[in-house]
Amino acid sequence: MKLQTRLALAGQETDGTYRSVVPPIYQSAIFKFENPDTKPDYDYSRSGNPGRNALEEVLADLEGGAGAVATSSGMSAVTTVLGLYDADAHILCSHDCYGGTERLLTVWARQGRLKVSFVDLTDVRAVEAAIRPGTKAIWAETPSNPLLRIIDLAAVSTVAKRHGLELIVDNTFLSPLFQRPFEFGADLIVHSTTKYLNGHSDIVGGAVVARTEERAADIRFTSNALGLTAAPFDSWLLVRGLKTLPLRLRQHEENAFAVARFLAEHDAVDKVFYPGLETHVGHDIARRQQSGFGGIVSFRLKGTGADARRVLGATRVFALAESLGGVESLIEQPATMSHASMRPEQRAEAGITEQIIRLSVGIEDTSDLLADLELALSRVETGVLV
Ligand SMILES: Cc1ncc(COP(=O)(O)O)c(C=O)c1O
């Protein structure tokens, strides 16, 4: 069966008793033993829960891995992976990775729980140069946030293999439908399922998928030991969300393309960042390693930070909110919102000025999205404050 069919049928085999088509929610922390000597399939929901395990099978299937764990947040997924390494392990991480990942790596490095270097992974020579005797893994996030830089996964994987390093890919921005990191040599894949995989902005969740059985056992152990696994109801909502992932992504992408083209033609806009546009610096690599370009579009206004705030305050369809990947369109200013925790020098180095606006383009009617942006951008031209 094709992926879209497998997703539509996901979870149907969970209920052996009544054979419900929609999987039941086992909202129970504990399960009874028949006797003290025989361990049941499930005993305690941190270690295992039927609904969560059904979800984990779907996640492993989606990415083409040997096994997966569903976690309570994307950051729990990041923590699960970092928990695999010893304190003397050195990790190379994308210099413009998600702020929460950067924060955790930096704090843990300061506390002596691991070692980290932030490197521009689009520069393979810089990656090679940053590797040292204790380096154990490369952490790649592509496309990056908010400027959608593209890392060449095959090239980074070649370096990783040559030095015996694991390659970890945060695949949140594209989902396995548009990017399949195992096919480019990744060993572990991380997701914030809060975003596209769930798609309805009603849970915070995460996942780690492992390429090998051995690493699958490791992530199960670590997520359970650290207490990071997902709750039964969130797991149920995520299975429900996954069923429509292919349909949602098609509409996200169609709308994102329309928005990117519209912005590229607009007088108030200095530059558009969308890997689907031929003008995007990573377009050729994106075409090679992705089967879609996703639903995130960022752009830089010609005006000032104040002009950007005029636009942010003027949209009616695009809601002013952080996060991304839900059915509803969102608008935000990374410098003051999603990336506010970065140090100003770091933000400047990453090109995140106050004129940059990030859109998570939803699945609404395209014409409503374009009309909303047209109206909001006219505030820059007229100087009207809202
Ligand atoms: C790329 C990426 N990875 C990880 C995370 C962390 O996920 P969560 O917010 O679900 O903990 C996020 C959140 O925005 C993200 O964008």
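This briefing describes selected helices, loops and contacts of one structure.

The model is predicted: local features need pLDDT of at least 70, side-chain atom pairs count only at pLDDT 80 or more, and totals for chains, interfaces and linings use all residues. Residues are numbered from 1 along each chain as its sequence is written. Helices (H or I, at least four residues) and strands (E, at least two) are DSSP runs, numbered from the N terminus.

**Helix α2**

- Helix α2 has 14 residues and reaches 20 Å from its first C-alpha to its last, which is close to the 20 Å expected at 1.5 Å a residue. The expected span is 1.5 Å times one less than the number of residues.
- Eleven of the 14 residues of α2 are buried, and the helix is mostly covered. A residue is buried if 20 or more other C-beta atoms lie within 10 Å of its own, exposed if 12 or fewer, and partly exposed in between, with C-beta atoms placed from the backbone.
- Among the buried residues of α2 are Pro50, Leu55, Glu56, Leu59 and Glu63.
- The cover over the buried residues of α2 includes β1 (67-71), β6 (188-192), β7 (206-210) and α8.
- Gly64 follows α2 and has a positive phi, near 75°.

**Packing of α2 with α8**

- Two packed helices are described by the angle between their axes and the distance between the axes.
- The axes of α2 (residues 50-63) and α8 (residues 232-242) come within 8 Å and cross at roughly 35°. Axes are lines fitted to C-alpha atoms, for helices over the stretch in contact, and angles run from 0 to 180 degrees between N-to-C directions.
- The crossing of α2 and α8 is left-handed. A crossing is left-handed if the near helix is turned anticlockwise from the far one by less than a right angle, and right-handed if clockwise.
- On the α2 side, the contact is made by Gly51, Arg52, Ala54, Leu55 and Val58, and on the α8 side by Pro232, Ser235, Trp236, Leu238, Val239 and Leu242. Two residues are in contact if their C-beta atoms, placed from the backbone, lie within 7 Å.
- This contact has eight nonpolar, two polar and one charged residues.

- Nine of the nine residues of α3 are buried, so the helix is largely enclosed by the rest of the structure.
- The cover over the buried residues of α3 includes β1, α4, β5 (166-170), β6, β7 and α7 (213-226).
- Helices α3 (residues 74-82) and α4 (residues 99-110) pack at an angle of about 40°, and their axes are 10 Å apart.
- The crossing of α3 and α4 is right-handed.
- Met75, Val78, Thr79 and Leu82 of α3 make the contact with Gly100, Thr101, Leu104 and Trp108 of α4.
- By class, the contact of α3 with α4 has five nonpolar, three polar and no charged residues.

**Ala70 in strand β1**

- Ala70 is found in strand β1 and is buried, with 31 other C-beta atoms within 10 Å.
- Ala70 and Gly206 are 136 residues apart in sequence, yet 5.9 Å apart in space, C-alpha to C-alpha.
- Not counting residues up to four places away in sequence, Ala70 touches several residues, including Arg52, Leu55, Thr229 and Leu238.

**Backbone features in the loops**

- Most residues other than glycine have a negative phi, and most peptide bonds are trans.
- A cis peptide bond joins Thr142 and Pro143, with omega about -5°; Pro143 is in the loop between β4 (135-141) and α6 (153-162).
- Another cis peptide bond joins Asn145 and Pro146, with omega about 5°; Pro146 is found in the loop between β4 and α6.
- Leu148 lies in the loop between β4 and α6, and its phi is positive, near 55°. Leu148 counts as buried because it has 24 C-beta neighbours inside 10 Å.
- Ser323, in the loop between β10 (319-320) and β11 (330-332), has a positive phi of about 70° although it is not a glycine. Ser323 is partly exposed, with 14 other C-beta atoms within 10 Å.

Notes
Nonpolar A, V, L, I, M, F, W, Y, C, P; charged D, E, K, R; others polar.
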